[in-house]
Amino acid sequence: MTESSRVVATTSYSGSAFEREYSVTAKHTPWKTTVTAVSIDDVEYPIGRRTTSDGEDAPEVEIRASGWLMARLKVRRRSADGSMEAQEEVYVTSAVAGSAGEVEVRKDLDVVPLLPEDGSRSEARERRRAAHPERYALVSGLTMLIRLLLPLLGLGTLFAWLFDPIMRWMTEIVLPLFEPFTQWLQAVFAPVGQFLEWLFNLLFGWIPDISLGVPDWVTTTFRIGMLVLLAYFASRSNLKRRQKKLEESQADSTGETAPESEGEQRQDDRQRQQS
């Protein structure tokens, strides 16, 4: 691992996923995730272009940046008819503070994390998350809460001085250019909208409107609270599942048996006490 500062680190990740051996080296920063090296089954692939190695089952690797702190590696393999079909994908992400991250190999709905190198900040981050899954799940829920509350706090008015001139320019200059096209679309789809409205009234028009007199802010708060709880439990479950797979991968690499979960260990202790 080569590290240039407290917020920048280059870390290697390795492991088995879907009967393949993967090795990925990534540079983690607070502003970007950069993949510097990729190896599949001990075959190195150059970064920055689509490549295919020699061999009948040789993969084709294409690297695409897909976000601020994420890089996505798409792997295609040759099918029986000779075409290259999409197979697994490798997601490389960085922590918001930089200097750490994670790498996962995904195929369909299955996700296999790769092990960070020993002594790296990514490994220390995995240990902290495994030791305190509730804390990190709560942070995920609070992050979603802040993301949902910001639009409700009226912060958009603080930037009105910036967006109002742009909106006026769009309304006065750009939109009139598309007015004939929009009128034509309205004329074409108006009968379709009328038919759908008639069909909806026919199917559901007999249902009376029921009003409980609940204020809008109550329902909005309830929905936000439910979303925060869902984010918390989803993040907690994901952390536990990820930690279990990391332990299995580490056990496979060292030739040891994977450690039992807390529930299985307590059950074995009770059975020994009873016996």
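Author: Asp 108 sits in the loop that runs between β10 (101-107) and β11 (110-113). The model is predicted.

Reader: Is Asp 108 buried or exposed, and how is that decided?

Author: The general idea is a cut-off on relative accessible area: under 20% is buried, over 50% is exposed, and values in between are partly exposed. Asp 108 has 76% relative accessibility, so this residue counts as exposed.

Reader: Where does Asp 41 lie?

Author: Asp 41 is in the loop between β4 (33-40) and β5 (43-45).

Reader: Why does Asp 41 count as partly exposed?

Author: Its relative accessibility is 32%, so Asp 41 counts as partly exposed. That label covers values between the 20% and 50% cut-offs.

Reader: Which strand holds Thr 25?

Author: Thr 25 belongs to strand β3, residues 20-28. Thr 25 has a relative accessible area of 15%, so this residue is buried.

Reader: Which residues does Thr 25 touch, leaving out those up to four places away in sequence?

Author: Contact is read from heavy atoms within 4.5 Å. With those sequence neighbours left out, Thr 25 touches Thr 10, Thr 11, Ser 12, Thr 34, Val 35, Thr 36 and Ala 37.

Reader: Which side chain makes a polar contact with that of Thr 25?

Author: A polar contact pairs N or O atoms within 3.5 Å. Here the side chains of Thr 25 and Ser 12 are joined by one of 3.1 Å.

Key: Residues are numbered from 1 along each chain as its sequence is written. This is a predicted model: local features need pLDDT of at least 70, side-chain atom pairs count only at pLDDT 80 or more; totals for chains, interfaces and linings use all residues. Side-chain values use heavy atoms; hydrogens and water are left out. Helices (H or I, at least four residues) and strands (E, at least two) are DSSP runs, numbered from the N terminus. Buried means under 20% relative accessible area, exposed over 50%, partly exposed in between (1.4 Å probe, protein chains only). A polar contact is a pair of N or O atoms within 3.5 Å; within protein, one must be able to donate a hydrogen and the other to accept it, and residues adjacent in sequence count only if both atoms are side-chain atoms.
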